[in-house]
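Here are my notes on this one, jotted down as I went through it. Have the viewer open while you read.

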Amino acid sequence: ALLSPWVPPHYITRVWCVYELYTAMTTPGCVLTIILPLKQKEDFRKAFVGTGGARRIWRALSELRVEQAEASVVSDRERIMEIIRTGPGTRALNHLVVKRLQSWFMESAAGYLEQRISDGSQELSDAALCADVGDLLINLAKFPRAQAVLEAGIRIYAAAGKTMAPSAAPLHRWLGSVHSEQGR
C-alpha cells in the first residue's frame, strides 16, 4: 500500500483503499508492505521526531473510520460498504486496519530511532522520542523492545548529566510499566 501523502493520510480517507488494505491483511499468503515515497518518508520522520509527533501520528491513524471514507463514484462506495456490513462489519474492519497501521508506524519509528541510537546519537530530542516510542510500544505489548528503547533514552539523559530532569521522568514511568507488565 502506498501511503501518500501521509499528512493528511489520504489513503485512509478513500473507502476502496481501506477495504483493499483490509482484504490484503486477511488474505492468506498475501504480503502487505506499506511504503512512502522518499520525500514523504523524510517528512514523516521529521514529524515524529518533533515534540509529541509520534503521538500525533498515532492518534491520526487511530481515527480511521471506514464509514467516513469517500469514493469518487457513489455507487462504488455503497457497494463496498455493503460488502463490509455483511462481512466483517465496520467496527471489526476499523479495528484491524488501525492496529495494522499503528504497528507499521511503530516499526518505522522504532527502527529509525534505534538506528539513530546505534549511530551514537546523544541528542536529548532522541531521548524524548524514546519516551514516546517506548510508551507506544507498550500499547502494542512489545515489552522487550520498549524496555530497550526506554533504557537507551535514560542513557542519553545520563550522558548529558540530566537523569533527574523533569523531561526524563516519562522514561522512568514507562520503564516501570514495562517491569510491571512483565511481573518484575
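**Notes on the model**

1. Let me start with arginine 14, which counts as partly exposed because its relative accessibility is 21%. The cut-off for buried is under 20%, so a value of 21% puts arginine 14 in the partly exposed class. Bear in mind that this is a predicted model. Arginine 14 sits in the segment before helix H1, which covers 15-26. Leaving aside residues up to four places away in sequence, arginine 14 is in contact with Ala69, Glu70, Ala71 and Ser72. Leucine 64 is 50 residues from arginine 14 in sequence, yet the two C-alpha atoms are 10 Å apart in space.

2. Now the overall picture. The protein has 8 helices and 0 strands, and along the sequence the pattern reads α-α-α-α-α-α-α-α. The C-alpha trace spans about 60 × 40 × 30 Å along its principal axes. Of the 184 residues, 39% count as buried. Taking contacts between residues at least 6 apart in sequence, 70% join residues at least 24 apart.

3. On to H1 itself. Its 12 residues should span 16 Å at 1.5 Å a residue, and the end C-alpha atoms are 17 Å apart, so the two agree. Which residues of H1 are buried? They are Val15, Cys17, Val18, Tyr19, Leu21, Tyr22 and Ala24.

4. H2 and H3 make a pair worth a look. Helix H2 takes in residues 38-49 and helix H3 residues 53-62; they pack at an angle of about 115°, and their axes are 5 Å apart. That angle makes H2 and H3 roughly perpendicular to each other. On the H2 side the contact uses Phe44, Ala47 and Phe48, and on the H3 side Gly53, Ala54, Arg56 and Ile57. By class, the residues of this H2 with H3 contact come to 5 nonpolar, 1 polar and 1 charged.

5. H5 runs over residues 90-118, and asparagine 94 is found in it. The span checks out: 29 residues at 1.5 Å each should give 42 Å, and the end C-alpha atoms of H5 are 41 Å apart, which agrees. After H5 comes glycine 120, with a positive phi near 95°.

6. Is asparagine 94 buried or exposed? Its relative accessibility is 6%, so asparagine 94 counts as buried. The residues that asparagine 94 touches are Leu64, Arg65, Val66 and Glu67, once residues up to four places away in sequence are set aside. Leu64 in that list is also the residue whose C-alpha is 10 Å from that of arginine 14.

7. Next, H6 against H7. Helix H6 (residues 124-139) packs on helix H7 (residues 143-159) at about 160°, with 8 Å between the axes. H6 and H7 are therefore roughly antiparallel, and H6 passes H7 in a left-handed crossing. The residues of the contact divide into 15 nonpolar, 2 polar and 2 charged. From H6 they include Leu124, Ala128, Val133 and Leu137, and from H7 they include Phe143, Val149, Leu150 and Ile156. Asp126 of H6 and Arg145 of H7 are also among the residues that meet here.

8. At 0% relative accessibility, leucine 137 counts as buried. Not counting residues up to four places away in sequence, leucine 137 touches Met106, Ala110, Lys142, Arg145, Ala146 and Val149. Glutamate 107 is 30 residues away from leucine 137 along the chain, and their C-alpha atoms are separated by 9.2 Å.

9. Last, please check the loop between H6 and H7, where alanine 141 lies. The phi of alanine 141 is positive, near 60°, in a residue other than glycine. With a relative accessibility of 48%, alanine 141 counts as partly exposed.

How values were computed. Residues are numbered from 1 along each chain as its sequence is written. This is a predicted model: local features need pLDDT of at least 70, side-chain atom pairs count only at pLDDT 80 or more; totals for chains, interfaces and linings use all residues. Side-chain values use heavy atoms; hydrogens and water are left out. Helices (H or I, at least four residues) and strands (E, at least two) are DSSP runs, numbered from the N terminus. Buried means under 20% relative accessible area, exposed over 50%, partly exposed in between (1.4 Å probe, protein chains only). Contact means heavy atoms within 4.5 Å. The expected span of a helix is 1.5 Å times one less than its number of residues. Axes are lines fitted to C-alpha atoms, for helices over the stretch in contact, and angles run from 0 to 180 degrees between N-to-C directions. Angles under 35 degrees count as roughly parallel, over 145 as roughly antiparallel, 65 to 115 as roughly perpendicular and the rest as oblique. A crossing is left-handed if the near helix is turned anticlockwise from the far one by less than a right angle, and right-handed if clockwise. Ala, Val, Leu, Ile, Met, Phe, Trp, Tyr, Cys and Pro count as nonpolar, Asp, Glu, Lys and Arg as charged, and the others, Gly among them, as polar.
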